[in-house]
Amino acid sequence: MSTPTERLDGATVEVIRNYVVSAAEQMRRTLVRSAFNPVIYDVLDFGISIYNAEQQLMAEATGITHFLGANDRALLEGSRYVGIENMAPGDVYLLNYPYWNGAHAYDAMLFAPVFTEGGERPSAYLAVRAHWMDLGAKDAGYVLDSTDMHQEGLIFPGTRIVHRGEVVRDITELIRFNSRLPDLTLGDFHAQLAALRVGERSLHQIWAKFGIEQVEQAIRQVIEHGEAIARKAVEALPDGSWSATDYIDDDNITDDLIEITVRVTIEGDRITADYTGSSPAVLGPVNLPIGSTEGIVKATFKSLTTPNEPANAGHFAPLTVIAEPGSIFAAEYPSATFTQWSAIVATELVHKALAQVLEDIPASSGGDEPGFMALGRDSRTGLDYVVSNNEGIGWGATRDHDGGNAQQHPSQTTVRNTPLEVLEHKAAIFHERLELIQDSAGAGRFRGGVGVLREVRYLDPGEVLSMKKKSKTRPWALEGGQEPEPSEMVLWPGTDAQQRVGMYRAAMQPGDRFVNRTAGGGGHGSPLDRDPRSVVEDVLDGYVSPAAARDVYGVDVRPDGTWSETTARTTRTAPGTN
Amino acid sequence: MTSTPQLKVAVDIGGTFVDAISYDTVSGAITVHKVSTTPDEPARGVLGGVTGLGAATGTTIADIESFAHGTTLGLNAILQRNGADVGIITNDGFSDLLEIARAAIPVSHMYDFSFQRPAPLVPRRHRRGVVGRLDAQGAEVTPLDEAGVLAAGRELVEGHGLRSIAVCFLHSYANPEHERRAGAILREAFPDVQVSISSDLTREYREYERTSTVTLDAYIRPVLNNYLDSLERHLDEGGLEKPLHIMRSGGGAMTADLAKQAPLTTVLSGPAGGVVGTTFLARELGLDNVLSFDVGGTSVDSCVVVDGQPSEVHEAEIDGLPLLIPIFDIRTIGAGGGSIAWMDEGLLKVGPRSAGSVPGPVAYRNGGTEPTVTDASFALGFLDPAAFLGGAMEVSADAARAAIAERVAAPLGLDETTAAASILRILVARTVGALREITIERGLDPREFTLLAFGGAGPLIAPMLGREMGVETTMVPRVPAAFSAFGMLMSDLEYEFAATALRPLDDASIAVLEATYAELEERAEAVLEQQHVPVEARRTTRTLDIRYRGQEHALPVELEPGDTAESVLARFNALHEHRHGHAMAEPGQILSVRLRAVGVQPKPPLVRIGAAESAEVAPVGSRRAFDVATDAWAEFPVYDRDALLAGHAVAGPAIVEEGTSTTVFFSDQHLVVDDYGHLLISQTGAAA
């Protein structure tokens with residue numbers, strides 16, 4: 001470690017910080033530019049981070065919201081496995097061991113030490129994680145029912161895949177022979193490598209311009225600054241301890257609900273999320289490594305403290321995450337971890353605890369990312385297809401506005417749905433309907449957003465994978481608001497075979513249909529307190545039916561837009577007088 | 001010197017000013033006239049600009065050789081949400097596509113868990129589905145319910161009083177028949193109502209983006225058509241003999257008639273002028289790589305121009321709403337002159353908040369209290385308070401310095417000069433980073449670019465940026481403050497036709513697509529004919545958008561006569577390798593076919609300015625300013641731009657003044673004036 005230099009002024013620090021943040025952004029552009037698979041360049045399923053010599057996060061460029069800081073623990077674990085003293089300039093290591101990587105085995109993290117000219121130890125580290133297309137898990141496409149790690153693909157614990165600048169062919173050949181999609185997988189490996197090289201070059205430019213001591217000092221001050229603003233934000237929150245419980249549908253092996261619980265404690269400038277009391281790890285693949293649990297808490301924490309700043313280690317200093325080893329939130333070898341929809345459901349659990357004290361927290365969104373995948377062979381082209389779609393849900397109402405209609409789940413806000421014209425081109429499926437669902441929002445003084453209905457007919461034999469883990473219990477509401485119906489997929493609707501499912505894989509024949517319905521958001525406050533004019537507008541726009549307006553909101557709306565209050569409204573206790 | 005002037009005129013309406021520029025193709029004289037915009041009746045501002053030019057050049061509207069016009073009217077209607085009330089007619093069961101959208105949250109709000117997207121442009125009650133459906137190949141699955149179209153139109157027009165209807169059906173890119181039929185029914189039944197049809201605007205797939213495109217068109221159509229009618233009437237009365245040309249968002253221009261048919265294509269024409277001008281200079285001067293660097297009050301816009309070709313995209317976004325129109329790939333990359341410097345827990349930040357024009361920088365004394373980039377420029381002597389905007393505005397450098405001393409220097413524990421310089425260092429650091437990002441994503445090295453600086457504050461910041469980024473040359477064109485309008489003078493008439501044509505890339509497809517191209521060419525010929533383009537000035541270019549099977553992103557490959565699937569794939573592979581760092585063994589797939597039709601307009605050649613007798617030129621004065629190369633104050637000689645002749649050379653530090661903008665360069669830089677009057681600034685001692 002270099003000797004600490006004098007403190008730098010806040011302008012010089014900001015200049016250097018800008019260059020480091022730009023280095024992460026240049027890595028991101030390089031990855032997106034060179035990636036082979038759309039899950040990286042369209043779905044943004046990646047995370048890019050730059051660390052200092054002490055392995056503290058200097059800057060990052062995230063793709064998905066809950067990948068925030070996901071590389072932090074992985075770098076520590078990977079370095080411990082490799083041994084920092086064994087690292088050489090130009091080395092790159094591959095890590096996808098789920099319990100260290102904080103993700104399922106198809107999220108491959110590459111990390112690289114960066115040395116100054118003649119430096120003996122790394123002066124910085126770079127990490128790029130990205131979703132790989134196939135590493136030889138038990139099923140092609142996606143795995144819904146693995147029961148241990150060894151069914152989930154080839155595992156690398158921090159394996160040297162580039163040695164002093166040379167790709168280690170033995171390792172890449174091992175991948176090639178173990179992947180169903182070797183060209184795409186190795187293509188993405190090279191894209192990640194290109195991003196690492198750009199990051200390395202940028203760091204050397206920054207060191208050359210400012211000198212390593214000055215850069216290190218600036219980063220220390222950036223991290224101090226991040227910590228100061230995060231602590232200040234936490235200090236502004238009330239002290240106390242609040243807990244919340246929710247349910248994940250099941251583990252896809254049994255039908256049992258899985259209980260998840262968190263206790264959030266705020267003490268001065270520190271905040272703790274403790275998952276003790278949650279279900280032990282389950283047999284099916286919905287267990288979360290601790291790094292994944294940390295990722296979802298970090299995203300919520302960031303939204304509460306520093307939503308507009310590129311993250312650094314200081315921002316998370318006030319945060320502690322606790323989960324019992326061997327529980328669903330700190331899965332241990334060999335627990336299955338492939339289907340991390342549980343992380344999506346758990347994202348809003350911390351909100352639910354804090355909603356008891358923080359007024360600005362919205363009610364639950366539809367609770368999950370209730371999309372689908374379709375696969376099969378298209379008789380028009382003779383080609384196999386796999387398509388997927390992330391569907392919007394209603395978001396939760398807040399104390400001063402309705403929830404958004406048909407928005408991606410908060411854990412993956414920037415992901416986009418797939419245009420139906422693209423789906424119908426790529427896959428032998430035909431849409432009968434795609435529309436917002438009337439009365440799907442949780443009612444309230446402010447109502448949740450509404451969900452989405454999609455009805456699809458198969459043109460050729462194929463399969464559908466219904467993706468959702470919050471279909472058996474309702475999303476939560478606040479302050480007397482109503483809970484919406486949960487998401488669901490109905491297979492073969494209107495036939496004798498009609499079946500309501502959550503996460504499920506089904507074979508489809510030509511003419512077979514499914515209806516995917518996504519949940520609306522939770523309501524906030526009593527629907528009888530909703531401004532009757534808003535109820536009228538909702539009826540005119542068809543978000544709310546006249547029947548629900550009358551029965552739930554207590555407003556009789558006539559077709560011409562005139563209205564009157566029902567007795568439910570006129571005889572209730574006025575708000576604030578109870 | 002008394003020959004009749006041959007004037008090409010361009011008028012660019014911006015947010016606060018109308019820039020009118022004329023270029024005398026005989027003498028090379030450039031005249032600029034600036035007037036305030038007249039939001040209540042925009043055409044008046046344009047006429048004011050033209051009249052001003054006439055007075056300055058001794059000409060009348062009748063003498064004008066060509067007239068190009070760019071307007072932000074449509075853009076403002078969208079940004080301010082004051083366009084027409086629109087109704088949408090689409091497929092039964094799909095009337096919420098506009099609202100479902102892509103369901104994504106803007107990246108800038110990705111951690112805002114109570115985010116609510118803005119209300120859709122068309123409320124749900126104004127959206128109607130009618131029976132009728134095509135499949136992905138464009139084949140009819142269910143016939144169009146024509147009575148249903150009429151009934152839906154009646155509800156929207158008579159029931160809701162709407163005057164503008166947008167029609168978008170699924171898969172209409174593959175077969176526009178249902179849309180055309182619906183359009184005809186509506187136009188016949190409601191002759192006073194404007195009807196926009198998605199397939200008239202774009203033949204690309206993705207239903208939400210297409211719906212958004214046609215909705216935006218319907219939204220601005222009444223506003224823009226009224227404006228163009230009024231402008232044409234006024235210009236007619238003034239005696240304009242040549243057709244009025246309106247700038248397109250993707251460069252090039254079209255006649256006002258055509259603009260009225262497709263108003264959306266004008267919507268981002270404002271910044272396009274600067275890119276057209278950049279491209280023109282790149283081609284004329286033989287510059288391989290140019291970055292346009294347009295600095296306005298609140299932002300910096302940049303576009304990459306390589307080998308005389310500006311980067312283009314086929315999708316843009318306004319306020320989060322997508323539109324599928326060809327457009328220059330212009331990136332907003334950072335802060336501008338009005339960006340505010342503020343303290344954040346001990347760190348100095350610049351932007352993203354801007355003081356805008358009201359209250360504006362502290363130095364303007366309009367109530368601004370927070371120091372801006374412009375204030376730092378006054379404090380460091382880069383801008384002369386006495387001569388700012390030709391003395392048209394009273395400004396106070398003392399007020400700027402005091403604000404910086406109080407709000408930046410004191411909390412940072414720095415002296416006032418270092419604090420002011422720090423504001424610019426941060427602006428430069430951010431901008432350098434952003435320029436690296438937009439070049440590296442194309443696989444290019446920013447150091448290999450010429451930085452072309454324009455917009456009011458471009459020449460002030462660009463040399464500082466250029467030395468930081470290590471570019472060889474920073475170039476300041478003539479009249480940098482009105483360079484966008486200058487670019488409009490250099491526009492050809494252009495029109496682009498496209499059709500989605502998902503097919504494997506094989507020789508059979510190439511043969512089949514010949515018929516598609518023939519159809520597009522027929523449409524192109526008709527348009528060029530309508531725009532009075534002589535046959536010998538017509539050019540068409542065929543392009544195929546190609547991708548690897550299974551991928552989403554496509555790249556444009558220009559078709560050459562005699563091309564086979566193999567030769568096209570080889571060029572696509574090479575392009576993919578260049579843009580994405582690798583090629584793949586996957587078979588190619590054709591996504592869409594494009595045809596660009598150009599009516600080449602006579603363009604004034606760059607006119608050489610007078611040559612200097614020696615490299616030396618006398619300054620008109622000097623002032624103390626801060627030299628960022630030595631971090632010390634120095635005496636900067638000040639030069640008058642008008643006195644700089646071809647071949648003059650000036651060693652830094654120095655300042656060049658020209659009324660509406662100021663070029664500042666430093667002691668490790670020098671400037672030479674090229675044959676055409678451009679200022680070329682480079683590092684002293686660097687290899688040429």
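Student: Leaving aside neighbours within four places in sequence, which residues is Glu99(B) in contact with?

Tutor: In this predicted model, Glu99(B) is in contact with Asn405(A), Leu436(A) and Tyr543(A), and also with Arg117(B), Pro120(B), Arg124(B) and Arg127(B); contact means heavy atoms within 4.5 Å. Local features here need pLDDT of at least 70, side-chain atom pairs count only at pLDDT 80 or more, and totals for chains, interfaces and linings use all residues. Residues are numbered from 1 along each chain as its sequence is written, chains are lettered from A and ligands numbered from 1 in the order in which they are written, and side-chain values use heavy atoms, with hydrogens and water left out.

Student: Why is Glu99(B) called buried?

Tutor: Buried means under 20% relative accessible area, exposed over 50% and partly exposed in between (1.4 Å probe, protein chains only). Glu99(B) has 8% relative accessibility, and therefore counts as buried.

Student: What makes the side chain of Glu99(B) a polar contact with the side chain of Tyr543(A)?

Tutor: The distance is 2.7 Å. A polar contact is a pair of N or O atoms within 3.5 Å; within protein, one must be able to donate a hydrogen and the other to accept it, and residues adjacent in sequence count only if both atoms are side-chain atoms. The side chain of Glu99(B) also makes a polar contact with that of Asn405(A), at 2.7 Å.

Student: Where is Glu99(B) found?

Tutor: Glu99(B) lies in helix 3 (residues 97-100) of chain B. Helices (H or I, at least four residues) and strands (E, at least two) are DSSP runs, numbered from the N terminus.
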